[in-house]
Amino acid sequence: MAMIGIDIGGSFIKSGLVSRQGEVLHQLNPQPTLHGAQLTDKVHRLIYELISVVNEEGMASVEAVGISSCGVVDPETGTVVESVAIPGYDGTQWPLLLEELKLPVIVENDGRCAAWAEYQVRDDQDIRDWVHVPVGTNVGCGVIIGGELFRGHSFTAGEFGHMTIDINGPVCTCGNIGCLEIYLTKGSVLGYVQQAIADSRDTLVAELCGGELEHIDLFMISHAEAQGDAVAKQAFEQLGFYLGVGLTN
């Protein structure tokens, strides 16, 4: 038996087939996350592509579909309540959209999915309390207390990225002020380096991007940091500093 796993992040959709034991049987190439109806259409196509793989490989059947999604997720109804990262995604009801599959469809917040997965394969089985903080396009968090996944009454427990750490900071996409996520994502690293170049600081990234600040990406900054570039190093150090502040809180 195989289960279909779909991970919907702020930048990419990752998908594959997984056994009951957690073994990854097949993976598709990550796809850019789209908006609204385009996103749901893309997920449909990925699911049917994976079903085709099951048939071609002679696997018994698909047992269920699991969707790990960014945003506030109601796992009881499989609904994405709110997602500031993906426009037009709020209110998406995955079990309803996928009912033609006639399969169980389980939907959960991606941070909680990551926490539960890591908890299941932990080395020390005596550990009963667990916090997992995935940092990507956005910042998630999954909390396990006494061996049980903790969601909170509004399914927002563990929204680690949206606590205020700077009351004088910029407005976050969620509407809050000075959120931790502002300082922990790709944009914060790019913004630091872009401002450094605008301030005429010496950095290899300026050469790599050809003076076009909008063309700077993380690969350039990582390459520069590996070459000992001070600006690139400081950009990552700033991210690490704010991650430390958040984890301490």
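These legends describe close-up views of a predicted model. Local features need pLDDT of at least 70, side-chain atom pairs count only at pLDDT 80 or more, and totals for chains, interfaces and linings use all residues. Residues are numbered from 1 along each chain as its sequence is written, and side-chain values use heavy atoms, with hydrogens and water left out.

**View 1. The largest nonpolar core has 27 residues.** A nonpolar core is a set of buried Ala, Val, Leu, Ile, Met, Phe, Trp, Tyr and Cys residues joined through side-chain atoms within 4.5 Å. Buried means under 20% relative accessible area, exposed over 50%, and partly exposed in between (1.4 Å probe, protein chains only). Those with the most contacts inside this core are Ile 4, Ile 6, Ile 8, Val 43, Ile 47, Ile 67 and Trp 94. Strands S1 (2-8), S2 (12-18), S5 (62-69) and S8, together with helix H1 (36-57), each give two or more residues to this core. Helices (H or I, at least four residues) and strands (E, at least two) are DSSP runs, numbered from the N terminus. H1 gives the most, with 7 residues. Beyond its neighbours within four places in sequence, Ile 47 is in contact (heavy atoms within 4.5 Å) with Ile 4, Ile 6, Val 65, Leu 98 and Leu 101. Another core, of 21 residues, lies apart from it; Leu 190, Val 205, Met 220 and Ala 235 are among them.

**View 2. Helix H5 (186-198) has a buried side.** Its buried residues are Ser 188, Val 189, Leu 190, Val 193, Ala 196 and Ile 197. What covers them includes helix H4 (180-184), H6, helix H7 (218-226) and helix H8 (230-248). The end C-alpha atoms of H5 are 18 Å apart, which agrees with the 18 Å that its 13 residues should span at 1.5 Å a residue. That expected span is 1.5 Å times one less than the number of residues. Ser 200 follows H5. Its phi is positive, near 65°, although Ser 200 is a residue other than glycine. Ser 200 sits in the loop between H5 and helix H6 (204-208), and is exposed at 66% relative accessibility.

**View 3. Glu 108, Arg 112 and Arg 151 are linked in a network of salt bridges.** A salt bridge is a side-chain nitrogen of Lys or Arg within 4 Å of a carboxyl oxygen of Asp or Glu. Arg 112 meets Glu 108 at 2.9 Å, N to O. Arg 151 meets Glu 108 at 2.6 Å, N to O. The second pair links distant parts of the chain: Arg 151 lies in the loop between strand S11 (148-150) and H4, Glu 108 in strand S8, 43 residues apart. Arg 112 is buried, at 2%. Glu 108 is buried too, at 8%. Arg 151 is partly exposed, at 30%.

**View 4. Arg 20 and Glu 63 form a salt bridge.** Their side chains meet at 2.2 Å, N to O. Arg 20 lies in the loop between S2 and strand S3 (24-27) and Glu 63 in S5, so the pair ties together parts that are 43 residues apart in sequence. Arg 20 is exposed, at 60% relative accessibility. The structure's salt bridges come to 4.

**View 5. Strands S6 (72-74) and S7 (79-82) run antiparallel.** They are joined by 3 bridges; strands pair if DSSP finds at least two bridges between them. Val 72 stands opposite Glu 82. The two strands form a hairpin with 4 residues between them, and Gly 78 in the turn has a positive phi of about 70°.

View 6. A search of the whole structure finds 0 disulfides (pairs of cysteine sulfur atoms within 2.5 Å). Cys 70 is buried, at 7%, and Cys 141 is buried, at 8%.
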